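Subject: Structure handover

Hi,

Here is the structure I promised to pass on. Please open it alongside this note.

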Amino acid sequence: MTPIDYAIVVGFLAIMAVIGLAISRLIKDSDDIFVAGRELTPFILCATITSTNLSMYHFIGLGGIAYQSGASIIWANWTGGMALVLSACFVVPVFRRLKIRSVPEFLEIRYSKNLRTLAGAFWGCRLCVYLGILLYIASTAAIVITGCQDNLTNYVRWLLAFSVVSILYSAIGGAWAVAIMDSVQFCVMLAGALVVLPIAAHAVGGMPKAFEFFHSLPGDTHTQLVPVTGEFNWIYISMVMLLSIKWATVDQAILQRAFGARSPRVAAKGMVLSAIITTPIALFWILPGLAAARLHPGFARPDYAMPWLLATLLPPVGRGILGFVLCGLIAAQISAVTADVNSVATLFTSDVYRSLRKKELSQKHIVRVVRISSVACGVLMLYVAYMLRGFGDGAVRANYAVVGILDMPLFVVTVIYGLWWKRANWQGATAGFLLGGIVGILTHFLVVDKYFVSYVQPLLNHLPGGFAATIKNFHELVRPHEVQVRNVVPFISTATALIVTPVVSLLTRKPQNDAAGLAQAFDGGAEAGDTYWVMPQSGIGKFAVSAVIIGVAIFAIGVISANWAFAGATTLAVAGMIAVFFGGMVRVYSE
Amino acid sequence: MDWITALVEGIGVVIFCVWVVVPVREFASIRRRLREENAKGKHDAH
């Protein structure tokens, strides 16, 4: 990396800091800092949701998986797009009409204050760890891209480069700064991506040539979108669809952007637009990942593939190109970090601090607490990222697995029973949330050989002989299928929460709180001069919702049919996805 | 440039251009409305 590249990066960070701080003038009350005064419009919302969703992990991590295993990892983004449309049609307009600021706030409306505090604290901690992981991945990749020495000093320098500016302006400017800066960073990120793809494609003699090469290799799955075998096969795609629905309906960082929309319809529009534009954008890291697989196969760590590609191909093209692309990657990272820091501050202030304080707080006091908690979150994420350097990638993978398992029960109690089943009470929701997580984690430890040997086997000596033998036999039975079974663990935590919540609810008293406000939220009350019914009233609205549902069904049939090596599996899955997007667009722009 | 890269780049450029222009206009509109509301609020207070 040349001095010009460094100058471009430093200049970019300085400009981001100045603009971010200038936005702090917009902050007048806590609604401005939590949900940008609920003034956001569709295209701004789309940019901020997309920027929050995409981070450097997508370019480096998912590009690396495409390098190693093939293009099917693109479903991690494409299922996310479908899930955003489903959330825009059925969930987010209800939340937005309730004028909540966080998902745990909905849990108080629906269940109890204690569950709100529990979920708020859980999500706050989970996001801090996630932010630490994002910083770890970004700083590790930056060292490889820039070619600087891999030591602690350089690692800490990159950690600070990725975090200080984002902590600063999210603490001072709140959700307004996040929204405006995300729109800017979305364009910078996209500009960087636009530079990389043609250079990578040119290096392999054009993408069709690369595809021909992969087709010529017997049994290669690099170009298969719905493969029958491998880690990222049809079972993985089914699991990631489930996790995506969870992400689009309960993820605080994404939903908080949607809560800042001017009206429920604008929230839905922003989400559908984000879903549609993310679909082609995903190709900007999948295709370079495949190009890297053609150019330099054999990296032991797939995370090194994309940094190698950038460091090798960009400098010969022109001076400053690497710095420009690095700005795009930093923009992706900063936009994800700021949104999450803002969300942690909201969760801590709105759901934990406010719940624990008895008296009403002034607006000035709330804004001060948000700013202090933003800085505290920043310090915590830096500490997690610093510690992760010692633990390495194993800790990152374990966290992703655990988070996938623990989040699903929250989705079940919030969306499935919270919105759609009146009889669910706080006892059932709390039991479903906790038991779903515990059963999921236990299953994961029983299935994954590494964890079984390290953690479960030592405990078996203290258990009765027959029980210990049963556990060992179960592990031996599933061990040969570890990769496949590991993919279905989130289904197990979901199923547990799905069963436990209604059973405990029916065994305990009916919910005492009046859910009349929730029932009204499903109606199309006018807001900002716009009416939006969750249940469509017109013919075209019903047609659009039908297209979304049929699209999901076609997608599911396509993915599952891959199990029998059906030749049209990919076509069906992609056609289903297009139907979902079409239905979503008609839904939010009609009626 | 091959047809796959050209197609993806073309879509990317269109998205880039739309998201450079439209959000700027939307921010200007929000700013104008907030100013009008502030002015109206001050007027009502008087």
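Below is what was found, starting with the conventions.

Residues are numbered from 1 along each chain as its sequence is written, while chains are lettered from A and ligands numbered from 1 in the order in which they are written. The model is predicted: local features need pLDDT of at least 70, side-chain atom pairs count only at pLDDT 80 or more, and totals for chains, interfaces and linings use all residues.

Confidence and chain B

The predictor gives the complex an ipTM of 0.87 and a pTM of 0.89. Chain B averages a pLDDT of 85, and 89% of its residues score at least 70. Here pLDDT is the predictor's confidence in each residue, from 0 to 100. Where pLDDT is low, the predicted coordinates should not be read in detail.

Chain B has one helix and zero strands. Helices (H or I, at least four residues) and strands (E, at least two) are DSSP runs, numbered from the N terminus. Of the 46 residues in chain B, 17% are buried. Buried means that 20 or more other C-beta atoms lie within 10 Å of the residue's own; 12 or fewer is exposed, in between is partly exposed, and C-beta atoms are placed from the backbone.

The contact between the chains takes 18 residues from chain B and 25 from chain A. Contact means C-beta atoms, placed from the backbone, within 7 Å. On the chain B side, 13 residues are nonpolar, two polar and three charged. The classes: Ala, Val, Leu, Ile, Met, Phe, Trp, Tyr, Cys and Pro are nonpolar, Asp, Glu, Lys and Arg are charged, and the others, Gly among them, are polar.

Helix α9 of chain A

First, α8 (residues 113-146) and α9 (residues 152-203) of chain A pack at about 120°, with axes 9 Å apart. Axes are lines fitted to C-alpha atoms, for helices over the stretch in contact, and angles run from 0 to 180 degrees between N-to-C directions. That makes α8(A) oblique to α9(A). The cut-offs: under 35 degrees is roughly parallel, over 145 roughly antiparallel, 65 to 115 roughly perpendicular, and the rest oblique. Among the contact residues are A:Leu135 and A:Ala138 of α8(A), and A:Trp158 and A:Phe162 of α9(A). By class, this contact has eight nonpolar, three polar and no charged residues.

Next, the axes of α3 (residues 42-53) of chain A and α9(A) come within 8 Å and cross at roughly 70°. The two helices are therefore roughly perpendicular. Contributors include A:Ile44 and A:Ala47 of α3(A), and A:Asp182 and A:Phe186 of α9(A). The contact of α3(A) with α9(A) has six nonpolar, six polar and one charged residues.

A:Val195 also sits in α9 of chain A. A:Val195 counts as buried because it has 20 C-beta neighbours inside 10 Å. Not counting residues up to four places away in sequence, A:Val195 touches A:Ile321, A:Phe324 and A:Val325.

A:Arg101 and helix α7

A:Arg101 lies in the loop between α6 (92-97) and α7 (103-110) of chain A. Is A:Arg101 buried or exposed? Buried, because it has 25 C-beta neighbours inside 10 Å. A:Arg101 and A:Thr346 are 245 residues apart in sequence, and 7.6 Å apart in space, C-alpha to C-alpha.

Helix α7(A) is mostly covered, with seven of its eight residues buried. Among them are A:Glu105, A:Glu108 and A:Arg110.

Best wishes

Definitions and conventions. Contact = placed C-beta atoms within 7 Å.
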